[in-house]
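Hello,

Here is the structure I said I would pass on. My notes on it follow below.

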Amino acid sequence: MLFKIKLFIFYIFYINGMRVKIRYFILYEYMCRSMTDLFALAMAHRRLGNIKLNETVVFVCDIQERFRGAVEYFSEIAEVSNRLTEASRILNIPLIVTEQYPKGLGSTVSEVNITNAVGVFPKTKFSMVLPEVEEKLKTLCGGNVRHIILCGVEAHVCIQQTVIDLLSQDFEVHVVADAVSSRNQVDRIFAFERFRQMGAYVTTSEAILLQLVGDKDHPQFKEIQGLIKVLPPGSGLINKL
């Protein structure tokens, strides 16, 4: 029985791309008969990032006035984040916004429309996962929130800590790369790499918006198509991949 459990863990690790060094691997005949079942079970536990619209919340992190001159590609990040907030309005996806020490750093910039937010939460801690946010999440999507779409600043600070806290609570996290930045682009790129290592999905705005509708016959497809008709502004990513 213990060997079977180890075999199952091996398949889980292998499927998720983790390196597993095996020096000796011996299978007995009775174990071979169960390999198909074990593999099927492992496959069932994979996370593929397939978002369900009615289990999704959009998080906007600290896109504030005082960061405008400090965060590289700030205007581009704000523009793409606005596409996400507009999509949340069109698709009736709950929107949660945080602002880091707004008394000193200002409010969310006007370029990002957050009028449909279910809550705008001031904070001093880096993570968006405040007690008030946790309580709000319990009331959204019928209490069955599974997927978080995350954008904002800074990648290696508030975004990173938010990813850690969300993953630790078993949420599926989708970080929108062209809507996330830092002051230093080295910090930004290494944060993206860490997100992948932790088990979050690093994606793009167009990919996530089309994934949300999933079908050209979706009632709101035309409105979402309108958001992506013009290509998003470049934010330096192509030179760093």
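The side chains of Asp 62 and Thr 98 are joined by a polar contact of 2.9 Å. Bear in mind that this is a predicted model. Asp 62 sits in the loop between strand S1 (56-61) and H3, and with a relative accessible area of 1% it is buried. Beyond its neighbours within four places in sequence, Asp 62 is in contact with Phe 67, Thr 98, Glu 99, Gln 100, Lys 123, Val 153 and Cys 158.

Thr 139 belongs to another loop, between helix H5 (131-138) and strand S4 (147-153). Thr 139 is exposed, and its relative accessible area is 54%. A polar atom of the Thr 139 side chain lies 2.7 Å from the backbone oxygen of Lys 136.

Next, helix H7. H7 covers residues 185-198, which makes 14 residues. From first C-alpha to last, H7 reaches 20 Å, close to the 20 Å expected at 1.5 Å a residue. The buried residues in H7 are Gln 185, Arg 188, Ala 191, Phe 192 and Phe 195. They lie on the same side of H7 because they cover an arc of only 115° around the axis. Helix H3 (74-90), helix H6 (155-168), strand S5 (172-181) and strand S6 (201-203) are included in what covers these buried residues. On the face of H7 turned away from the buried side are the exposed residues Val 186, Phe 190 and Gln 197.

Both ends of H7 have something to note. After H7 comes Gly 199, with a positive phi near 110°.

In soluble globular proteins, nonpolar side chains tend to be buried together. Here the largest nonpolar core has 33 residues, and Leu 209 and Ile 224 touch the most other members. Two or more residues each come from S1, H3, strand S2 (95-100), S4, S5, helix H8 (205-213) and helix H9 (221-228). H3 gives the most to this core, namely six residues. Leaving out residues up to four places away in sequence, Ile 224 touches Ala 87, Ile 90, Leu 91, Leu 209 and Val 213. There is also a second, separate core of 30 residues, and among them are Leu 130, Ala 155, Ile 159 and Val 180.

Regards

Conventions. Residues numbered from 1 in each chain as written. Predicted model: local features only at pLDDT ≥ 70, side-chain atom pairs only at ≥ 80, totals over all residues. Heavy atoms only, no water. Helix = DSSP H or I, 4+ residues; strand = E, 2+ residues; numbered from the N terminus. Expected span 1.5 Å × (residues − 1). Buried < 20%, exposed > 50% of the residue type's maximum accessible area, 1.4 Å probe, protein only. Arc of directions from axis to C-beta. Contact = heavy atoms within 4.5 Å. Polar contact = N/O pair within 3.5 Å; in protein donor to acceptor, adjacent residues only side chain to side chain. Core = buried A, V, L, I, M, F, W, Y, C linked by side-chain atoms within 4.5 Å.
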